[in-house]
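I opened this notebook page to record what I looked up in the structure, entry by entry.

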Amino acid sequence: MAERSILVPEGLEGQRVDSALSKLLGLSRTAAADICAEGGVQLSGQVVAKSDRVSAGERLDIEMPEPPRPLEVVPDPVPGMKVVHDEDSFVVVDKPVGVAAHPALGWKGRTVVGGLAAAGFRIATSGAPERQGIVQRLDVGTSGLMVIAKSEYAYSVLKRAFKERTVEKTYHAVVQGLPDPVLGTIDAPIARNPRHDGLYAVHSGGKNAITHYEVLEAHRRASLVEVHLETGRTHQIRVHFSALKRPCVGDLPYGADPTLAKDLHLERQWLHAVKLGFHHPESNEWVEFESGYPEDLQYAIDRIRTS
């Protein structure tokens, strides 16, 4: 760690330690508070908390944390990840649950790009180093089909296709109860949930989000629905059905019934990307790929059907 010493100027007399650090070092208030929480700030030789006050002329000694290491792709085999289609311009994989699309801050688990690297696949170099070749993402807790670009040309074409919404993304979800109407559209903006880190919510100040759905099967405890996304917001399906009071079965963070999830042996939301269609980046012909339900989701829907 790097150490810095600063004399408190008169203009900061009486301010909180985290506020003074933020202004002196150009840090966010949260980052300054984190340094205090680690015992990294001393005022005139005494360790202080973020809420303590500073006095002009006192010496602040700060242990600055090491800058975060750049994210990188580490080859790491992904058990259960299937290659559905492979050719020179792109590869389509069936992503298992618990796997991220690419490395991200705070994520220490396996990734699709790491799995492809371990299997000897060479993908496009376009995009940020940790997201090279990635033209779409699936949540860690969502399984199903993803396409990854292998050529630079395919990357640009597919990236544009997703941006212009010409890609057909079809999901199956099992939601609690019965949505009303049984064929409908959810048009509600989505933003980060201000009360819960990592979650999202319908919010008037959020980004435009549109979900089309159709009930395929209605059962006593839950319904199987087919979902088509017009937009691609983070957690979009989960947030929209939660807002309807019909959360995905097993999706405890978004209000699902834990008793039902336990009965179905579900440890994640019942949500699967079953079909992916797009224009081939080289020939422009329409191509489609399909994925069956993984074991945990198949068990749950079978149990719902027979209960």
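Entry 1, burial of a helix. I began with H1 in this predicted model, and I listed its buried residues as Val-17, Asp-18, Ser-19, Ala-20, Leu-21, Ser-22 and Leu-25. That makes 7 of the 9 residues of H1 buried, so I noted the helix as largely enclosed by the rest of the structure. I then looked up what these buried residues pack against, and found strand E1 (2-7), H2, strand E2 (41-43) and strand E4 (59-64). Just after H1, I noted that Gly-26 takes a positive phi of about 70°.

How do H1 and H2 pack? I found that H1 (residues 17-25) and H2 (residues 29-37) pack at an angle of about 120°, with 8 Å between their axes. I recorded the crossing of the two helices as right-handed. On the H1 side the contact is made by Val-17, Asp-18, Ser-19, Leu-21 and Ser-22, and on the H2 side by Arg-29, Ala-32, Ala-33 and Cys-36. Sorted by class, this contact has 5 nonpolar, 2 polar and 2 charged residues.

I stepped back and counted 7 helices and 15 strands in the protein, which is divided into domain 1 (2-64), domain 2 (70-164) and domain 3 (165-306). The centres of domain 1 and domain 2, taken over C-alpha atoms, are 42 Å apart. Along its principal axes the C-alpha trace spans about 70 × 45 × 35 Å, and buried residues make up 45% of the 307 residues. Of the contacts between residues at least 6 apart in sequence, 63% join residues at least 24 apart.

I placed Pro-189 in the loop between strand E9 (183-187) and strand E10 (190-192), and His-203 in the loop between strand E11 (200-202) and strand E12 (210-218). Pro-189 is partly exposed, with a relative accessible area of 25%, and His-203 is partly exposed as well, at 40%. Leaving aside neighbours within four places in sequence, I found His-203 in contact with Pro-189, Ile-190 and Ala-191, while the contacts of Pro-189 include His-203, Ser-204, Gly-206 and Lys-207.

Most residues other than glycine have a negative phi, and most peptide bonds are trans, so I searched for exceptions to both. A cis peptide bond joins Asp-180 and Pro-181, with omega about 5°, and Pro-181 lies in the loop between strand E8 (168-176) and E9. His-265 has a positive phi, near 60°, and I located this residue in the loop between helix H6 (258-263) and strand E14 (271-279). Is His-265 buried or exposed? At 53% relative accessibility, His-265 counts as exposed. Asn-284 also has a positive phi, near 70°, and is found in the loop between E14 and strand E15 (286-290), where I noted it as exposed, with a relative accessible area of 54%.

Conventions:
Residues are numbered from 1 along each chain as its sequence is written. This is a predicted model: local features need pLDDT of at least 70, side-chain atom pairs count only at pLDDT 80 or more; totals for chains, interfaces and linings use all residues. Side-chain values use heavy atoms; hydrogens and water are left out. Domain bounds come from an automatic or database domain assignment. Axes are lines fitted to C-alpha atoms, for helices over the stretch in contact, and angles run from 0 to 180 degrees between N-to-C directions. Helices (H or I, at least four residues) and strands (E, at least two) are DSSP runs, numbered from the N terminus. A crossing is left-handed if the near helix is turned anticlockwise from the far one by less than a right angle, and right-handed if clockwise. Contact means heavy atoms within 4.5 Å. Ala, Val, Leu, Ile, Met, Phe, Trp, Tyr, Cys and Pro count as nonpolar, Asp, Glu, Lys and Arg as charged, and the others, Gly among them, as polar. Buried means under 20% relative accessible area, exposed over 50%, partly exposed in between (1.4 Å probe, protein chains only).
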